[in-house]
Amino acid sequence: MVERELVDRHVPPAPQQPDTLVMARDDLRRAIEALAALPAKEQVAFSMYWLDGKEQEEIGQTLGHSKGYVCKLIQRAVEKLEKDGWGISR
């Protein structure tokens with residue numbers, strides 16, 4: 001299985017070729033499905049951390065959990081996504 005990047009802090013240039021655009025749309029659809037397959041708490045913590053750029057302490061305050069628990073939620077999400085072939089740029 002080819003590893004794909006689910007989260008990357010830099011934005012790649014817009015695809016120019018129709019084939020590339022189709023592949024990018026397919027990857028986006030699969031990334032959304034991969035996130036949707038996570039348990040709700042992991043999905044929210046992962047999204048807030050990796051996509052929204054929130055600190056773990058802030059996520060914990062927002063969700064009513066300790067920073068340690070938020071860290072575990074994010075770690076579990078990353079492990080599941082990596083197991084499914086998604087790369088996470090750390």
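Trainee: How do I read a pair of packed helices, and at what angle do the axes of helix H3 (residues 56-63) and H4 cross?

Mentor: Two packed helices are described by two things, the angle between their axes and the distance between the axes. Here the axes of H3 and H4 cross at roughly 105 degrees and come within 8 Å. That makes H3 roughly perpendicular to H4. Angles of 65 to 115 degrees count as roughly perpendicular, under 35 as roughly parallel, over 145 as roughly antiparallel, and the rest as oblique. Axes are lines fitted to C-alpha atoms, for helices over the stretch in contact, and angles run from 0 to 180 degrees between N-to-C directions.

Trainee: Which residues of H3 and H4 make the contact?

Mentor: Contact means heavy atoms within 4.5 Å. H3 brings Gln56, Glu57, Ile59 and Gly60; H4 brings Lys67, Val70, Cys71 and Ile74. By class, this contact of H3 with H4 holds 4 nonpolar, 2 polar and 2 charged residues. Ala, Val, Leu, Ile, Met, Phe, Trp, Tyr, Cys and Pro count as nonpolar; Asp, Glu, Lys and Arg as charged; the others, Gly among them, as polar.

Trainee: What should I know about the model itself?

Mentor: This is a predicted model, in which local features need pLDDT of at least 70 and side-chain atom pairs count only at pLDDT 80 or more, while totals for chains, interfaces and linings use all residues. Residues are numbered from 1 along each chain as its sequence is written, and side-chain values use heavy atoms, with hydrogens and water left out.

Trainee: How many helices and strands does the protein have?

Mentor: The protein has 4 helices and 2 strands. From the N terminus on, the elements run β-α-α-α-α-β. Helices (H or I, at least four residues) and strands (E, at least two) are DSSP runs, numbered from the N terminus.

Trainee: Where do the buried residues of H3 lie around the axis?

Mentor: The buried residues of H3 are Gln56, Ile59 and Gly60. They cover an arc of only 100 degrees around the axis, so they are on the same side of H3. The arc is that of the directions from the helix axis to the C-beta atoms. The face turned away from the buried side carries the exposed residues Gln61 and Thr62. What covers the buried residues of H3 includes H2 and H4.

Trainee: What span should helix H4 (residues 67-83) have?

Mentor: The expected span of a helix is 1.5 Å times one less than its number of residues. H4 has 17 residues and should span 24 Å; its end C-alpha atoms are 24 Å apart, which agrees. Val70, Leu73, Ile74, Ala77, Val78 and Leu81 are buried in H4. Seen down the axis of H4, the buried residues fall within an arc of 130 degrees, so they line one face of the helix.

Trainee: And H2? How far does helix H2 (residues 40-51) reach?

Mentor: H2 has 12 residues and reaches 15 Å from its first C-alpha to its last, close to the 16 Å expected. Its buried residues are Glu42, Ala45, Phe46, Ser47, Met48 and Trp50.

Trainee: At what angle do the axes of H2 and H4 cross?

Mentor: The axes of H2 and H4 cross at roughly 95 degrees and come within 8 Å. H2 and H4 are therefore roughly perpendicular to each other. By class, the contact of H2 with H4 has 10 nonpolar, no polar and 4 charged residues.

Trainee: Which residues does glutamate 42 contact?

Mentor: Glutamate 42 is in helix H2. At 5% relative accessibility, glutamate 42 counts as buried. Leaving aside neighbours within four places in sequence, glutamate 42 is in contact with Leu73, Arg76, Ala77 and Lys80.

Trainee: What follows the helices?

Mentor: Check phi at the glycines. Glycine 53 follows H2 with a positive phi near 75 degrees.

Conventions
Buried < 20%, exposed > 50% of the residue type's maximum accessible area, 1.4 Å probe, protein only.
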